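Please examine the chain shown below.

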Amino acid sequence: MKMSICHFCGNKNFKPNLVQYTYKKDGKYIIIDDVPCQQCEYCGEQYFEASVLKNIEFEYEAIHSKGKNIKKKLIIPIESYTEIGNETNVT
Ligand SMILES: [Zn+2]
């Protein structure tokens with residue numbers, strides 16, 4: 001994929017990069033490291049090839065639907081902001 005212009009900032013310079021990509025579907029996640037993308041040199045927006053995104057989607061199905069074994073797991077705490085209180089007010 002050759003990017004010509006960034007949709008966010010209008011910058012025309014991109015560099016290839018490897019980034020961490022988080023894919024979420026139906027409240028489940030996978031996180032993939034070292035995903036190739038073109039990154040805007042100005043604002044950092046990342047652009048991915050459609051085929052790369054397809055591969056990630058496929059991997060998601062393999063893990064969540066077909067029970068593929070994975071190398072690493074991450075437990076992520078999730079809270080609603082309405083429930084965490086105003087902790088900076090505590091004196
Ligand atoms: Zn940009």
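**Overall fold**

From the N terminus on, the elements of the protein chain run β-β-β-α. The secondary structure thus listed comes to 1 helix and 3 strands; helices (H or I, at least four residues) and strands (E, at least two) are DSSP runs, numbered from the N terminus. The model is predicted: local features need pLDDT of at least 70, side-chain atom pairs count only at pLDDT 80 or more, and totals for chains, interfaces and linings use all residues. Residues are numbered from 1 along each chain as its sequence is written.

The protein chain has a radius of gyration of 18 Å, whereas a compact globule of 91 residues would have one near 12 Å. This radius is taken over C-alpha atoms, and the globule rule is 2.2 Å times the number of residues to the power 0.38. Along the principal axes, the C-alpha atoms of the protein chain fill a box of roughly 50 × 40 × 20 Å.

Of the 91 residues of the protein chain, 5% count as buried. A residue is buried if 20 or more other C-beta atoms lie within 10 Å of its own, exposed if 12 or fewer, and partly exposed in between, with C-beta atoms placed from the backbone. Among contacts with a separation of 6 or more, 56% join residues 24 or more positions apart; two residues are in contact if their C-beta atoms, placed from the backbone, lie within 7 Å.

**Two residues with positive phi**

Most residues other than glycine have a negative phi. Which residue in the hairpin of β1 and β2 takes a positive phi near 50°? It is Asp-26, in a hairpin that has 2 residues between the strands. Asp-26 is found in the loop between β1 and β2, and it counts as exposed because it has 7 C-beta neighbours inside 10 Å.

Asp-34 is likewise a residue other than glycine with a positive phi, here near 60°. The place of Asp-34 is in strand β2. With 9 other C-beta atoms within 10 Å, Asp-34 is exposed.

Notes. Two strands pair if DSSP finds at least two bridges between them.
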